[in-house]
Amino acid sequence: MRESWSPFSFIVTNLARFIRPEEITFSGVNSTLPMLACLLAKRAYDFPFTYINVAGGVDPKPSSIPISSSDPVLAEGSRSIFANEDFYDLCTRGRMDLCFLGAAQVDGLGQTNVSSIGDWHKPKVRLPGGGGGAVMLPTARRAVTWRTEHSRRTMVEKLDFLTAAGGMHGVVTPIAVFIKRDGRLALQSWHPESSLDEVRARTAFAFDAQGASACALPTEQESQALRSLDPAGTFERDAAIRLRPEAAA
């Protein structure tokens with residue numbers, strides 16, 4: 001590689017690559033990386049799509065890029081304002097094409113856990129809970145999640161708790177991109193500084209890797225768009241994502 005591709009940029013860019021022309025795309029609460037991905041796509045890709053965010057904005061033109069994905073600035077310049085119940089209504093009517101939903105654990109079926117780590121009756125960690133994910137994951141046409149840590153404790157064979165299931169389409173981590181194929185997550189690509197062997201070693205569930213290869217580097221348009229969104233590297237420092245964290249060893 002001529003230059004290193006940071007894990008932060010890898011996640012944001014590959015989340016953006018799930019966005020398709022003419023579709024409706026949603027980013028939710030505690031979703032800074034998908035928020036950046038949607039704003040990147042608006043700047044880097046030469047096609048129209050509708051971007052709705054949890055702050056209520058519809059194709060907003062924010063005066064600044066906030067750290068929080070729920071900041072009211074994300075409603076500035078909007079074509080209209082959406083309330084929370086409108087997101088769910090859009091999903092259940094089959095009109096939400098793509099939504100980005102967070103997860104603490106993901107299994108090979110694309111099911112997610114955002115409820116608890118450990119036994120439900122005596123958990124090691126109590127997580128925030130499903131929120132709208134239990135509604136949106138099975139009703140959106142496609143859902144995509146991300147993990148800033150790729151390890152066997154996050155990419156699991158069996159969830160500690162099943163919070164939501166049904167519509168998972170893809171998963172992005174610092175070292176890999178997965179897509180749903182034949183009912184299971186399959187590897188689409190890996191970070192150019194990683195390898196198929198590393199992805200297998202750091203993933204607890206079995207997956208199909210047929211056709212997978214090193215991920216295409218960001219285009220100049222993608223790189224420029226992300227630099228314009230994060231010129232001082234504030235988001236990258238805040239995310240603090242490493243390609244090979246010790247916890248994932």
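Which residue in E10 does Val144 stand opposite? I looked, and Val144 faces Gly170 there.

**Ground rules.** I am working with a predicted model, where local features need pLDDT of at least 70, side-chain atom pairs count only at pLDDT 80 or more, and totals for chains, interfaces and linings use all residues. Residue numbers run from 1 along each chain as its sequence is written, and side-chain values use heavy atoms, with hydrogens and water left out.

**The sheet.** I traced eight strands in an open sheet, ordered E2-E1-E3-E8-E10-E11-E12-E13, with mixed pairing. My labels are DSSP runs numbered from the N terminus: helices are H or I of at least four residues, strands are E of at least two. I call two strands paired if DSSP finds at least two bridges between them. E2 (50-53) and E13 are at the edges with a single partner strand each, so one side of each has no neighbour in the sheet.

**E8 and E10.** Back to where I began: E8 and E10 (residues 168-172) run parallel, joined by four bridges.

**Around E12.** I then checked E12 (residues 184-190): five of its seven residues are buried, so the rest of the structure largely encloses this strand. Buried here is under 20% relative accessible area, exposed is over 50%, and partly exposed is in between (1.4 Å probe, protein chains only).

On one side, E11 (residues 176-181) runs antiparallel to E12 through six bridges, and Phe178 sits opposite Leu187. Two residues separate E11 and E12 in this hairpin, and Asp182 in the turn has a positive phi of about 55 degrees.

E12 also has two bridges to E13 (residues 213-214), this time parallel, with Ser189 partnered by Ser213. I followed the chain from E12 through helix H5 (residues 196-201) to E13, and this β-α-β crossover is right-handed. That means the path from the first strand over the helix to the second runs clockwise, with the strands pointing away from the viewer.

**The largest pocket.** I noted about 740 Å³ of space in the largest pocket. A pocket is an open set of points on a 1 Å grid over the protein atoms alone, where a 1.4 Å probe fits, with protein on both sides within 12 Å along at least five of seven lines; lining residues have an atom within 4 Å of a point. The volume is the space filled by probe spheres set on the points.

I found 35 lining residues, with Val29, Asn30, Ser31, Leu101 and Gly102 closest to the centre. H4 gives the most to this lining, with four residues.
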